[in-house]
Every structure is written in structure tokens, then in C-alpha cells.
Amino acid sequence: MGRTLAEKVWEQHVVRRADGEPDLLYIDLHLIHEVTSPQAFDGLRLAGRKVRRPDLTIATEDHNVPTVLGPIADPVSKAQVETLRKNAAEFGIRLHPMGDAGQGVVHIIGPQFGLTQPGMTVVCGDSHTSTHGAFGALAFGIGTSEVEHVLATQTLPAYRPKTMAIEVSGELPFGVTAKDLILAIIAQIGTGGGQGHIVEYRGQAIRNLSMEGRMTVCNMSIEAGARAGMIAPDETTFEYLRGRLHAPTGQAWDDAVSYWKSLRTDDDAAFDTVVEIDASTLSPFVTWGTNPGQGAPLRDAIPAPEETSDPAAARRALDYMGLTAGTRLSDIQVDTVFVGSCTNGRLEDLRAVADVLRGRTVTARTLIVPGSMQVKAEAEAEGLHEVFKASGAEWREAGCSMCLGMNPDTLAPGERSASTSNRNFEGRQGKGGRTHLVSPAVAAASAVTGRLTAPADL
Ligand SMILES: CC(C)[C@H](C(=O)O)[C@@H](O)C(=O)O
Ligand code: SF4
């Protein structure tokens, strides 16, 4: 019987297999950031071990960095960043510190440098490592003790998850984006829907997505509970990679491409679970609750808790969000708009925002935060920053920013945001903050009107 993409990449990396034990996988790329690495390096030091493959390990500062130039004021954040610098220097690991041209959110810089490639195993002490699956890599988040294991051995013991196909047929209607698609998928299957599975996104609508869009989709696999998300590599993938800093060149490129072309699910392979979605029925999608599965089409109203799969959770969420069932989603007023994160902090996202903001003025506090310093430079080369500033939005330095409350960019208690990030848990963007997850285009239109708005309704 044929094999799925996930099975092919997994099998390719098994260095040891024994009955009743997890497989030992070889790891091709290990990404590091300041929050989940300190104890791992401490462990290495205690054991007197070195980093096995510093050349396959790359570090960046993202979660704790301020997005306005200047020193880090918060002592915990400052200590974490300084510890990462010390560890990178001591263990010989390439680090992109604050202010460096290569700095950025960990899941933005891997693809940007061409480090993330089809067929690789990619890990990081960070749940959104699933982003890299957009290239047909097997990429997943690991815990800090596993970070230590990978640092020491370049391998990881793991049990193979089940496989799930999410078949997205048809085409996304005009104005409907990858973010709307993944929010709709999570609303359909639930935040536990992908549990225990590696998801492969397939079908016409997925093939039509750009690499940026594919990364947005794979990024949020974890919000559906999946271990990883993958998309088979194709011409879109190869075109994106060609010429990037760490992409192969010459004969090695040709060899790589012919191998990458084999990385697709065989026609006679079977998935453990199959989910089907018709892209042509979708429209701009937003969340109203406190988990990414509590979402609905923006043209609809907030559902009655009894109509949802978990009425008690819906009631709690509406209470926290200060919302009432039956309210039209497009009547919800927002104080703040955040554009950025590893979900939607890439150049294509910023272009989508600029297309809406050009010649318009924002009425809500609007933070536009590039996912990396390279994205920032590329956006500025196109003059996007001028569009943002002219509209009244703030244009910042790269970092995780308001995606999570680990740096100065936070919501105040009760403050409500439209955010292009991936999590809307209670307090995610700051204690008492209320988050609506949206696409970049909806974020921009909402910044203009001060309420959740689709660009088509401006
Ligand atoms: C801080 C980090 C461990 C965390 C994660 O694992 O995802 C963060 O990136 C997040 O998005 O919540
Ligand atoms: S941008 Fe957000 S989701 Fe991505 S790594 Fe940073 S905190 Fe996590």
C-alpha cells in the first residue's frame, strides 16, 4: 500500500526503531528562542555536554523584545534575552539578536533564509513550529527537556501520530484568504479535532495558495490540536525557495527538486481520518470567543451558546468577551488592531493591509509589526510603511509583539482587539484583554471603521 507524505518524511528520519519504544528521529533543523531554551542549555552544562550540531541550530530573539528601538525594560525579559546571548556564544550557535538584519519571529526567519526545506524534520521549543510544514517538512513543537535532547544528540524520540487529510475542494471566493480558511476549518473540527494526528492539507484551494498562505494555514494546525500540519511541495514551493540564502544551488538544487517531487501522498495511501471542506462556500471569518474554534462568518451574528458544540464554554467565553449572543459580528467595536505574528506577519500580509489602508485613515489604535527585520526592509522598499504611517497606524520593529503578553505590546484590561495572530485565550494579549482573530484584510478594514469589518463593506 502507498504511503502518505507524513509517513514518507517520518520513515526517512528513523535512526532507531524498537518494539514498544518511540522511534528515534534524526532532526534536520533546530530553531531556538529565548523563552524555552534556558533550562535546556543549563542541562547541557550540568551534564558537561556540547551541542551536537551547532550548524543545524539557529537562534533568534522574538518573544521578549520590544518593538520600538531601545533597551528591554522588563527584568525577566531582559534576563531571558541575555541568557540566550550567553548560551549561543558559549555553545557556538548562530544567533540573530535584536536589531540584527536577520532577526525576527522564529517561524518567519526559517523559511525566509531557505533553512526550512521539503522533507526535513524541523523542531523548536514552540508550538507554532507547525508553520514549517507548509514546505512539506515534518515540523512540530517540543518541550524544553526535548530541546535539551535535540541539542545534545540531534535526535528526538517520538511516537508516530496518526494521519489526517483535510481536503479543501473548490476555490476560495474573491476576498477570502488563507486565514479565513484555517479559522473556518478549526470552527468545523474544533480545537481538539486534529488531536493525535499529523494533518495534510490537500485539494485545489490549498494548491492555489501562495507559500505565505500555506504557512498561515499550517501555523494554526496546533490550534486544531494537531501535532503538525503539512502541505506537499510543488512548483510554488520550489519557486519560493529558489535563490534563498540556504537553498541548494547548481546540481544540488536539481537533485533536491527531483527528491522533493517524490514527497507527495501516493494515490493508494490511506489516511486514518479524512475531513472535507468546500472552499467556495467560505467568506471572511472571525472569532467571537476565547478559543480559536469559537468563530463564525463575519456577516453572521454571535451564535446562541445552545447552538454551539459546548454551550457552557460559549457562555463563559461571551461573559469574558463582554458580548451577547445575537449581536452582529460586524457591530462589535474594537479599540486596537494588531497586524503581525508568525501567522500573518509576512510581506504578503502587509501588502494586503496596505491595499486596504491606502488613502484611508484608521480610527482604532493600530500596530503593524513585521515578522522579521527582512520583512520590514522589504515592506519599506515598497513604500508600505508610508501607507501605514499616512493612515495613522504605528509601524514597528520585528518581534512577536502583541501576539502574546510577553513584551511591552499588550492590551489593557477590557480592551478589545482585532488581531491577525493565532490565539484568543483569556489574557493572551494582556490580562483582561479581549481578542478577535481575523485576517490581515479584515484587520485593516476594522482599523478604518473601528468595528469588525470586511474590506468589501468599506
Ligand atoms: C512561548 C512559547 C513557548 C509559546 C508556544 O509554544 O507557542 C508561544 O510562542 C505561543 O505562541 O504561545
Ligand atoms: S508570533 Fe505568536 S505564535 Fe508566533 S512564536 Fe511568537 S508568540 Fe508564538
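Is Cys403 buried or exposed? Cys403 is buried, because 30 other C-beta atoms lie within 10 Å. A residue counts as buried at 20 or more such atoms within 10 Å of its own C-beta, exposed at 12 or fewer, and partly exposed in between, with C-beta atoms placed from the backbone.

## Model and numbering

This is a predicted model: local features need pLDDT of at least 70, side-chain atom pairs count only at pLDDT 80 or more, and totals for chains, interfaces and linings use all residues. Residues are numbered from 1 along each chain as its sequence is written, while chains are lettered from A and ligands numbered from 1 in the order in which they are written.

## The annotated cysteines

An unreviewed UniProt entry lists Cys342, Cys400 and Cys403 as "binding site". Such annotations may be inferred rather than shown by experiment. The three span 62 residues in sequence, yet no two of their C-alpha atoms are more than 8.8 Å apart, so they gather at one spot.

Cys342 sits in helix α12 (residues 341-344). It is buried, with 29 C-beta neighbours inside 10 Å. Beyond four places in sequence, Cys342 touches residues including His107, His128 and Asn219; contact requires C-beta atoms, placed from the backbone, within 7 Å. Cys403 lies in the loop between β17 (394-395) and β18 (416-419).

## Around ligand 2

Ligand 2 is surrounded by 14 residues, the closest being Ser341, Cys342, Cys400, Cys403 and Leu404. Each has its C-beta atom, placed from the backbone, within 6 Å of the ligand. Domain 1 (5-158) and domain 3 (286-457) each give at least three residues to this shell; the bounds come from an automatic or database domain assignment.

Technical notes: Helices (H or I, at least four residues) and strands (E, at least two) are DSSP runs, numbered from the N terminus. Two residues are in contact if their C-beta atoms, placed from the backbone, lie within 7 Å.
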